[in-house]
Amino acid sequence: MKRFAALYRAIDETNRTSEKVAAIAAYLREAPAADAALAIAFLTGRRPKRLISRPQLKRWATEAAGLPTWLFESCYEAVGDLAETIANVLPPPQQPEGGARSLAEWVGERLLPLATLDEEAQRQALLDSWNALAPQERFVWNKLLTGSFRVGVSQELVVRALSEVGGLPVSTVSHRLMGAWEPTPAFYARLLAPEDEGAEVSRPYPFCLAYPLETPPEALGPLADWHAEWKWDGIRAQAIRRAGQTFLWSRGEDLVTERFPEITARIDRLPEGTVLDGEILAWREDRPLPFLELQKRIGRKSLTPKILADVPATLIAYDLLELGGKDLRSLPFLERRKALTALIRSLDDPGLRLSPEVDAPDWETLATRRESAREQGVEGLMLKARDSAYLVGRRKGAWWKWKIEPLRVDAVLIYAQRGSGRRASLYTDYTFGIWRGEELVPFAKAYSGLTDAEIREVDRFIRQNTLEKFGPVSTVRPQLVMELAFEGIQPSKRHKSGVAVRFPRIARLRPDKTPEDADSLETVLALLGSAP
């Protein structure tokens, strides 16, 4: 645990990617295989499930620290992170030698068994663990306990470190980390093996990702060198048919095969050794439904006949990664596209669609077609170099996303809450209202878009204009107007305003506007193309 806590600290204390990679590689070279496998899991976002509730952790830590509840809560409010607060308020450990035990021992013998203990046994187990760890080790242990283990490192950096340690190509390591795996010494050995001893049948490929277009599209050169298609607003997915089995993986590496039985049935018809890249969409009457409709499928524990009928799903295919068991990713996009087109047409299945090319004779005409994206129910255009290979991760130059301008409204700040981590002492979480008659109704929450200087300015305003508090939430005098940007809007019975927006963020402060200048519900409903 001491070694893993030192790794966490080394990663957290630098912004240089080279230093993060070096720290991870050094850890992997020194750690036992069981520890290395767990570290890889935690660093790539495979956090353990929280086994003890936050109220229990707070209560037991308050008692162990000998603090009144109000003082612990004040400390928590100032720090903003429960794991760090507990690590700071506890008395010094009496038996700190526990940090010398391996990460695998702490996880296997202390963390996972908590699920089988009664409440009193859990409390005693936590007290024993806190008493055996130094403060930095306690902090990391608490992160694991709360299920909130995060540190400033991406999966790409973990892959680079593994590539250095194993002397393997980055693409090989990325592929081996995809799909379902357990953090065991055997997995770690396979991960660094010189030869891949047979890929897992279900294993997807690392996704090729696009960059936002940063220049006028004409700067990309002749349009003839580029393939344009709609940018769909669904769930990025890979459909796999291998060894008589079907798998549907989301980009988040969730196996969603059972969530979309109508798509699974169609993948069953694919030839053996086929992998498609595409988008899962809610689809009706030959057009996509809003993403919020698709969320109704995602959030269900069970799929009833009604939800299947109300939100039918389809797969839009836009790339062919494997055919007949052969990896096609190194082929030019144009060749993969031709093979994909022939495959989809041979199946002649309306539930398995080919993402259509958006034709245009020149960039100007293509820009005009892009302006109709919102009417098509899409987010804009994708531009893919016709000679591009299917790369691992996000690489500039091959694929670009050319999104339409977001929708915008002016709204009034009405509630605020402090952030977490490094922003725990600042108000950074905002709720905005729009006018419904003479009343401001909550419309959207937003957390991003302001500079550090603007955040401090807004924080000062909130502190000077707080009307009342409800727990961590402050009601703010409705005076500050901000422009919000968002990608989509949809009617919603769950929201007081009657609408829900997708990906809201703060576009800019509007000191030139008064609260009375903010938009009304009627204005927002007009964005839906419907009357209030």
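Reader: Which residue does Arg394 lie over the face of, and at what distance from the ring centre?

Author: First, a caution: this model is predicted. To read a charge over a ring, look at how far the charged group is from the ring centre and whether it sits above the face. Here Arg394 lies over the face of Tyr211, at 5.9 Å from the ring centre. Lys396 lies over the face of Tyr211 too, at 5.2 Å from the ring centre.

Reader: How many aromatic pairs does the structure hold?

Author: It holds 14 aromatic pairs. Read each one by two values: the distance between centres and the angle between planes. Take Phe4 and Phe149. Their ring centres are 5.6 Å apart and their planes stand at 20 degrees, so the pair is stacked.

Reader: Why does the pair of Phe4 and Phe149 tie together parts that are apart in sequence?

Author: Check where each partner lies. Phe4 is in helix 1 (residues 2-12), while Phe149 is in the loop between helix 9 (135-146) and helix 10 (155-166), so the pair joins parts 145 residues apart in sequence.

Reader: Is Phe4 buried or exposed?

Author: Buried, with a relative accessible area of 2%. Phe149 also counts as buried, at 1% relative accessibility.

Reader: What kind of pair do Trp106 and Trp141 form?

Author: An edge-to-face pair, 5.0 Å centre to centre with 65 degrees between the planes. Trp106 lies in helix 7 (residues 103-111) and Trp141 in helix 9, so this pair ties together parts 35 residues apart in sequence. Trp106 is buried, at 0% relative accessibility. Trp141 is buried as well, at 1%.

Reader: Which residues do ring pairs link into a cluster?

Author: Follow the pairs from ring to ring. Phe4, Tyr8, Tyr27, Phe42, Phe139 and Phe149 are linked this way.

Reader: Now the core. How many residues has the largest nonpolar core?

Author: The general idea comes first. In soluble globular proteins, nonpolar side chains tend to be buried together. In this model the largest nonpolar core has 64 residues, and Trp130 and Leu162 have the most contacts inside it. Helix 3 (residues 33-43) gives the largest share, 8 residues.

Reader: Which residues does Leu162 touch?

Author: Leaving out residues up to four places away in sequence, its contacts include Leu28, Ile40, Val173 and Tyr188. There is also a second, separate core of 31 residues, with Phe432, Val441, Leu450 and Val524 among them.

Reader: Is Ala115 buried or exposed?

Author: Exposed, at 53% relative accessibility. Ala115 is found in the loop between helix 7 and helix 8 (119-130).

Conventions
Residues are numbered from 1 along each chain as its sequence is written. This is a predicted model: local features need pLDDT of at least 70, side-chain atom pairs count only at pLDDT 80 or more; totals for chains, interfaces and linings use all residues. Side-chain values use heavy atoms; hydrogens and water are left out. Rings of Phe, Tyr and Trp (its six-membered ring) pair if their centres lie within 6.5 Å; planes under 30 degrees apart count as stacked, over 60 as edge-to-face and the rest as tilted. Helices (H or I, at least four residues) and strands (E, at least two) are DSSP runs, numbered from the N terminus. Buried means under 20% relative accessible area, exposed over 50%, partly exposed in between (1.4 Å probe, protein chains only). A charge sits over a ring if NZ of Lys or CZ of Arg is within 6 Å of the ring centre and within 35 degrees of the ring normal. A nonpolar core is a set of buried Ala, Val, Leu, Ile, Met, Phe, Trp, Tyr and Cys residues joined through side-chain atoms within 4.5 Å. Contact means heavy atoms within 4.5 Å.
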